[in-house]
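Subject: Structure handover and findings

Hello,

Here is the structure you asked about. My notes on the sheet and the helix packing follow below.

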Amino acid sequence: MRAETTGRVMLVDGMALLFRAFYATSYGGYIRKTKAGLPTNAVYGFLQYFFDAVSTFEPSHVVCCWDMGKGTFRTEKYDGYKSNRIEAPLELIPQFDLVKDVVAELGVPNIGLAGYEADDCIGTLASLYSDNSEVYILTGDHDMLQLIDENVKVVIMKKGRSNYKVYDLAELLEEKGLTPRQVIDLKGFMGDTSDNYPGVKGIGEKTALKLLTEYGTVEGVIENLHLLPKGVRTKIEADLDMLHLSRELAEIRCDVPVVCELTEALWQLQRETAARKFQELEFGSLMHLIAEVQDERGIVQIELGDLG
């Protein structure tokens with residue numbers, strides 16, 4: 001039995017927020033830039049999403065995790081992995097480093113490791129912190145649902161700000177009929193078009209869910225192949241290697257050699273450095289996000305104002 005939790009850690013999927021912010025603010029063709037011509041629309045939107053989540057979930061600690069380039073252990077296992085992804089828009093490229101600078105000026109640790117994805121860093125830190133803390137993972141990626149645990153919740157960002165779906169063990173089972181481990185096995189069977197790995201050809205979500213409901217795991221299905229309809233059995237037998245590989249690609253690693261002590265992640269907004277960075281980037285309209293106000297108890301809080 002785990003010890004009683006102290007504090008709430010919010011692990012932010014930085015890439016998910018940044019890409020969401022870029023496309024949400026550029027679809028009309030206008031890209032926010034500084035007077036010097038530096039694109040800032042994604043960083044601007046990122047900050048709005050970030051502070052909205054902080055206000056909503058009130059974490060005591062915050063960490064932001066990032067991808068560190070395209071090459072990872074997954075591309076070494078399968079060269080088709082994510083090979084269908086288009087290049088990042090030119091206006092977004094300089095904002096990859098810029099957003100990390102801004103996050104650091106807020107006083108939030110940036111975590112990433114070459115050879116791994118942000119997901120793996122998040123999985124590792126969630127596993128580390130959840131022994132003693134409540135963990136909320138902020139993302140738009142449903143693959144993260146596999147990380148749900150007794151003390152780990154996954155917050156899926158939906159369309160628009162302040163629109164979240166919070167998954168815990170009960171909600172995952174009720175809505176999707178799955179345990180966290182079965183999320184991985186589901187991807188093994190049906191693959192993932194977004195990440196470009198095929199799973200078992202001819203088996204979609206409906207069949208995969210039925211198999212897992214009846215037999216529990218990939219291993220359970222394989223042990224009972226003789227009981228399956230001939231069509232399904234034939235498809236699985238023809239793609240056994242890809243079934244196992246797809247499951248490997250889908251599984252988020254929780255043993256990545258990244259370190260971030262909880263004390264480093266204490267959420268204490270560095271208002272002075274943040275304000276200077278906001279001024280440098282001409283984010284005057286966001287200054288209210290980092291303004292100091294006192295409530296009736298005399299406690300300093302973040303003034304969120306109207307995020308619009």
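D13 stands opposite C65 in β2. That pair belongs to strand β1 (residues 8-13) and strand β2 (residues 61-65), which run parallel and are joined by five bridges. Strands count as paired if DSSP finds at least two bridges between them. Helices (H or I, at least four residues) and strands (E, at least two) are DSSP runs, numbered from the N terminus.

Before the rest, the ground rules. This is a predicted model, in which local features need pLDDT of at least 70 and side-chain atom pairs count only at pLDDT 80 or more, while totals for chains, interfaces and linings use all residues. Residues are numbered from 1 along each chain as its sequence is written, and side-chain values use heavy atoms, with hydrogens and water left out.

The sheet

The open sheet has six strands in the order β3-β2-β1-β4-β5-β6, with mixed pairing. β3 (110-111) and β6 (164-167) are at the edges with a single partner strand each, so one side of each has no neighbour in the sheet. α2 packs on the sheet and touches β1, β2, β4 (134-139), β5 (152-157) and β6; the direction of α2 makes about 50° with that of β6. Contact here means heavy atoms within 4.5 Å.

β5 and β6 are antiparallel and pair over four bridges. M157 has Y164 of β6 as its bridge partner. The hairpin of β5 and β6 has six residues between the strands, and G160 in this hairpin has a positive phi near 85°.

D168 caps the N-terminal end of helix α6 (residues 169-176), with a side-chain oxygen 3.3 Å from the backbone nitrogen of A170. After α6 comes G177, with a positive phi near 70°.

Helix α2 against α4

Helix α2 (residues 41-57) packs with helix α4 (residues 93-106) at an angle of about 40°, their axes 9 Å apart. That angle makes α2 oblique to α4. Axes are lines fitted to C-alpha atoms, for helices over the stretch in contact, and angles run from 0 to 180 degrees between N-to-C directions. Angles under 35 degrees count as roughly parallel, over 145 as roughly antiparallel, 65 to 115 as roughly perpendicular and the rest as oblique.

On the α2 side the contact is made by N41, A42, V43, F46, L47, F50 and F51, and on the α4 side by Q95, L98, V99, V102, V103 and L106. By class, the residues of this contact of α2 with α4 are 11 nonpolar, two polar and no charged. Ala, Val, Leu, Ile, Met, Phe, Trp, Tyr, Cys and Pro count as nonpolar, Asp, Glu, Lys and Arg as charged, and the others, Gly among them, as polar.

Helix α7 and its two partners

The axes of helix α7 (residues 180-190) and helix α11 (residues 240-250) cross at roughly 135° and come within 7 Å. That makes α7 oblique to α11. I184, D185, K187, G188 and F189 of α7 meet L243, S246, R247 and A250 of α11. The contact of α7 with α11 divides into four nonpolar, two polar and three charged residues.

With helix α8 (residues 205-215), α7 packs at an angle of about 135°, the axes being 9 Å apart. α7 and α8 are therefore oblique to each other. Q182, D185, L186, F189 and M190 in α7 meet E205, A208, L209, L211 and L212 in α8. The contact of α7 with α8 has seven nonpolar, one polar and two charged residues.

Regards

Key:
Polar contact = N/O pair within 3.5 Å; in protein donor to acceptor, adjacent residues only side chain to side chain.
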